[in-house]
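I opened my notebook to see how the parts of this chain hold on to one another. Here is what I looked up, entry by entry.

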Amino acid sequence: NVTMLTIILVGAAFIREREHGTIEHLLVMPLTPFEIMMAKIWANGLAVLIGVTFALTVMVQQVLKVPIAGSVPLFLAAAACYLFSAASIGIFLGTLARSMPQLGLLIILCIIPLLMLSGGVTPRESMPAIVQNIMLAAPATYFVRLAQAILYRGAGFDVIWRDLLAMTGVGAVFFGVALVRFRKAVTQTQV
């Protein structure tokens, strides 16, 4: 749900602002495309992180009384890093799409494989090796692995740091590509 909410919220916010012309309003302000993109990512990411915190601490721990084996603050810190990665995918898809319907189709094509092949629905070990290798380019794979390690097995930072670093690195790549596309779109609208 974190993946779906983040990608949809950030991508839709980006497209909506482009459709209503408010991106151009932001561009005449003393803001760089990097600052605009980071604002979109963290504004929507913070809303999702608040929802994750509520769901885990209130619903899972207090209402359902499900025991959590690991550190909730460590999980939330890892979730914040994942939100950056998933939001970067949302911004990237927002730079590809020209309208909300196009974004919706791109999100369907993106989210279904992310959810089905990241290891959260079916174990990665049961998938063909080529699929496992392709899914290493998706931050959801690393998030599922580290979330399961923290919440189910009580893993600490010493166990999850590689997945955290890889997840953030993949997110940074998506962010960089989206930033290049956004800057290109900005220069085309200014010409």
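Buried means under 20% relative accessible area, exposed over 50%, and partly exposed in between. I keep in mind that I am looking at a predicted model.

Phe34 comes out as partly exposed, because its relative accessible area is 39%. Phe34 and Phe175 make an edge-to-face aromatic pair, with 5.5 Å from centre to centre and 90° between the planes. Phe34 belongs to helix α3 and Phe175 to helix α8, so this pair ties together parts that are 141 residues apart in sequence. I followed the ring pairs onward and found a cluster that links Phe34, Trp42, Phe84 and Phe175.

**Entry: another ring pair**

How many aromatic pairs does the count come to? I wrote down seven. One of them joins Phe14 and Phe182, and I noted ring centres 5.3 Å apart and planes at 70°, so this pair is edge-to-face. Phe14 sits in helix α1 and Phe182 in helix α8, so the pair ties together parts 168 residues apart in sequence. Are these two residues buried or exposed? Phe14 is at 1% relative accessibility and so counts as buried. Phe182 is buried too, because its relative accessible area is 3%.

**Entry: salt bridges**

Side chains of opposite charge can pair when their charged atoms come close. I searched the whole structure for such pairs and noted two salt bridges.

In one of them, the side chains of Lys40 and Glu17 meet at 3.0 Å, N to O. This pair links distant parts of the chain, with Lys40 in helix α3 and Glu17 in helix α1, 23 residues apart. I checked how covered Lys40 is: its relative accessible area is 12%, so Lys40 is buried.

Arg145 forms a salt bridge with Asp163, and their closest N and O atoms are 2.9 Å apart. Arg145 lies in helix α7 and Asp163 in helix α8, so the pair ties together parts 18 residues apart in sequence. Arg145 counts as partly exposed because its relative accessibility is 33%. Asp163, at a relative accessible area of 14%, is therefore buried.

**Entry: the nonpolar core**

Which residues touch the most other members of the largest nonpolar core? I listed Ile7, Phe75, Leu93, Leu114, Phe143, Leu146 and Ile150, out of 57 residues in this core. The elements that give two or more residues to the core are α1, α2, α3, α4, α5, α7 and α8. α4 gives the most, with 16 residues.

Setting aside residues up to four places away in sequence, Leu146 touches Ala78, Ile160, Asp163, Leu164 and Met167. Asp163 is a name I had already written down, as the salt-bridge partner of Arg145.

**Entry: two loop leucines**

Leu31 is in the loop between α2 and α3. Its relative accessible area is 33%, so Leu31 is partly exposed. Leaving out residues up to four places away in sequence, I found that Leu31 touches Leu26 and Ile36.

Leu64 is in the loop between α3 and α4. Leu64 counts as exposed because its relative accessibility is 58%. I also met Leu64 in a nonpolar patch on the surface, together with Phe54, Met59, Val63 and Val66. I noted about 460 Å² of accessible area for the patch residues together.

Conventions. Residues are numbered from 1 along each chain as its sequence is written. This is a predicted model: local features need pLDDT of at least 70, side-chain atom pairs count only at pLDDT 80 or more; totals for chains, interfaces and linings use all residues. Side-chain values use heavy atoms; hydrogens and water are left out. Patches are made of residues with over 30% relative accessible area and no salt bridge: like charges are joined within 9 Å, nonpolar side chains (Val, Leu, Ile, Met, Phe, Trp, Tyr) within 5 Å. Accessible areas come from the Shrake-Rupley method with a 1.4 Å probe; for residues, only the protein chains shown count as cover. A salt bridge is a side-chain nitrogen of Lys or Arg within 4 Å of a carboxyl oxygen of Asp or Glu. Helices (H or I, at least four residues) and strands (E, at least two) are DSSP runs, numbered from the N terminus. Buried means under 20% relative accessible area, exposed over 50%, partly exposed in between (1.4 Å probe, protein chains only). A nonpolar core is a set of buried Ala, Val, Leu, Ile, Met, Phe, Trp, Tyr and Cys residues joined through side-chain atoms within 4.5 Å. Contact means heavy atoms within 4.5 Å. Rings of Phe, Tyr and Trp (its six-membered ring) pair if their centres lie within 6.5 Å; planes under 30 degrees apart count as stacked, over 60 as edge-to-face and the rest as tilted.
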